[in-house]
Structures are given as C-alpha cells and as structure tokens.
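Visitor: Pick one part of this model and walk me through it up close, please. I'd like the geometry, with the cut-offs spelled out.

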Amino acid sequence: MSEIIIVNNLDGGYEVYVGGKRRVFVHAVDNVSLILRSNEVLGIAGESGCGKSTLAKMIYGAIIPPLVVRSGSIKLQTRKGNFVELNKLSIEEMRKKIWWTEISYIPQNSMNILNPLKRIKDQFINVFKYHDMNIDKEEVMKYIKDTLISLSLPLEVINAYPHQLSGGMRQRVVIALSLLFNPRIVIADEPTTAVDVVTQRIILSLIKEWREKNKSSLILISHDMSVHAYMDNRVAIMYAGNIVEIGEIFELFKEPLHPYTRALIESLIRKGDKTLRKGLPGLPPDLTNPPPGCRFHPRCPYAMDICRREVPPATTLGRDRYVKCWLYTGRG
Ligand SMILES: Nc1ncnc2c1ncn2[C@@H]1O[C@H](COP(=O)(O)OP(=O)(O)O)[C@@H](O)[C@H]1O
Ligand code: SF4
Ligand SMILES: [Mg+2]
C-alpha cells in the first residue's frame, strides 16, 4: 500500500477575539504528522474538543477564518502518481482538481447541510453545476441513481425535500452526495454521531462496503472507540491538539500504550460487563493556554516531574506504532 496523503508538522488553530478586543489563539492542531495509505481506513479518536474536526478541515483545505494554518505541509499523491502540496493550491485549483474527485469531506453534523427548499435531485444537480460538468441530463440521473442504490437508498428520495426524510436518510443522502464522483479519499467527521444505534450500524456498513468495492481510503473521525474497532485498519489518538499514539487497530486495543489511549479503551462498556465505569476524571485543557510539558499531565495517573516540564518526544515502536509519552522514551 502506497502513501496517498503525507501530513508533516501541521500546526494551526483559531485566531479569536475575546470580548471583541483581546486576541487569543486556540492551538487546536499542534505539530501533527501522519500518513494515510491507499485502500486503508485511518481512524482519528479522542474526546470532544481535542482538535479532530480542525485537523480534518486543515487536511481538506476548508480554511475559513478564524481558522489559520501556521505551518506544515499536506502532500497528496494524485491518480497520476505525482505528489501535490495541497496547502499551496488556490481555492479554485482545489475545487477543479481535488475536492469531490480526489478527496471528499463529510463534515460534522452534515445531515443539516441540505438546502430545505430544494428537492434532493436538485441538490445533486447543483454539485454537477459546481464542478462545471458538461454532461447530459440522462447521464446525470444515471449517476445519481447509481449512487443512491450503492447506499441502499430508495429511488423515491430523488423527488423528496429534506424535511420528508428521517435524520438517518438525510445523513445517507449527504454521504451519497460526497461519494458521487468516486473520490479516492473520503474524510468523514463523526458520520454517525447524530443517529440512533441501529441506523449507525447501517450507515457504517454501507460506507465500509462502498470503500472496499472502490478501494478508496477513509479518514474516519469519531470519539467512539467502538466505531473505530469496527471500521479501522489503523487509528490515531488525538489529545489536546497532539497525536499521542498511532497503531494498527488490533494491536492498539490489545496493548494500548499511552495512558490516554488506555483510558479511552477502558471506558468502553463490554457486553455482559456490569461494572460501574468511573471514566477519565477531568476535561481536556483550554487550548488557548494548554499546560506545559505533556498536555495530558494534569489527568495522568503516571505523571512524573519531567512530564510537567517537557514535551515528550515521539517514540517509534515498529513500522506502525508510535507513542508520545515519557514512559516509553529510549525504548524505540
Ligand atoms: N470556529 C471556532 N472558533 C474558535 N475556536 C474553535 C472553533 N471551532 C473549534 N474551536 C476550538 O478548537 C478546539 C478543537 O475543536 P474541534 O476541532 O472541534 O475538536 P473535536 O472535533 O475533537 O471535538 C476546541 O477548543 C474548540 O473550542
Ligand atoms: S508523558 Fe507523562 S503525563 Fe504524559 S502521558 Fe506519559 S506519563 Fe502521563
Ligand atoms: Mg469534531
């Protein structure tokens, strides 16, 4: 499997004004490096507020103020095999060459992005117009029907308005829209958070089937570790803007290394287990003023003096294992 996206030292966040005057920086993505391989699912996990959505927006190039990218690079290997630096492309180049065809993005809470005044059919046709696609009406309808069928959506939805569909159906329509041009990479941000458990399973299975059939790659963002266990090949654990651990999914569940990863896995409720789970005490830090040293130290039961002073370096343990914690330095 070749590397299809290479993110190097990506750093950024939100420049916001408090009380309309004092400028503060929310450091939501702190020097992140990772790779996505062809035909794989890379999960990004972590509690709410840890920077997962910000990282997704930065990789996709959806940089709308107050979001700013301060440094780093995102390289994409195109269908032709050459690499392009996405953060050097203009919005127009992204629209023409990258968005929807190379990379599609399903934003968080996306079931609400459909235009309430337009039939589903017209929302699909708008996507073709946005891409200046010059294809005839019959071909457009075939594209739309094929995509709906691939997500097990009844063809009647074509003529429906969004309010006539359930939340789960709307979410599937949004996913169908994003898969319309068979993108090689999909970034899905919490695609099942707002739906019930049964619909969640259906949606995840459909995305899984579509991806396996098309051999596309998926960056799947979810705070829910059980979603990652079901979907991922590898998972990156994000805490307070940092990727603190990456591993192959089976290995990571079998032997979580970072104390934060362990806490996330321990908080999962297993079938038949009636133990009351305490969960991880405390909350992720305020990213306008994160703690010095290891950002997890105020919540970590293993914190040492050095953790409070110095940022832990990354330790690589094998091809697909990486951890950022003082407990492992010198073991790589
Ligand atoms: N538009 C915004 N303006 C200012 N701060 C933001 C904005 N969006 C997110 N943040 C802050 O950035 C941090 C990371 O948020 P986010 O990327 O949404 O995390 P996650 O997806 O892991 O829940 C949080 O502290 C959040 O409050
Ligand atoms: S570096 Fe220290 S505080 Fe951070 S996770 Fe490791 S042991 Fe805990
Ligand atoms: Mg989010």
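Guide: Let's start at β6, which runs parallel to β7 (residues 185–189) and is joined to that strand by 4 bridges. Strands are DSSP E runs of at least two residues and helices H or I runs of at least four, numbered from the N terminus; two strands pair if DSSP finds at least two bridges between them. Bear in mind that this is a predicted model: local features need pLDDT of at least 70, side-chain atom pairs count only at pLDDT 80 or more, and totals for chains, interfaces and linings use all residues. Residues are numbered from 1 along each chain as its sequence is written, while chains are lettered from A and ligands numbered from 1 in the order in which they are written.

Within that pairing, I103 sits opposite I185 of β7. Zooming out, the order β6-β7-β8-β3-β9-β10-β12-β11 makes an open sheet of 8 strands with mixed pairing. β6 (103–106) and β11 (314–316) each have a single partner strand, so one side of each lacks a neighbour in the sheet. Direction ignored, neighbouring strands here are turned by 20 degrees against each other on average.

Helix α1 (residues 52–60) packs on this sheet, touching β3 (41–45), β6, β7, β8 (217–221) and β9 (234–239). The direction of α1 makes about 155 degrees with that of β7; axes are lines fitted to C-alpha atoms, for helices over the stretch in contact, with angles from 0 to 180 degrees between N-to-C directions. Contact means C-beta atoms, placed from the backbone, within 7 Å. Beyond its neighbours within four places in sequence, I59 contacts I5, V7, I74 and I187.

How values were computed
Two residues are in contact if their C-beta atoms, placed from the backbone, lie within 7 Å.
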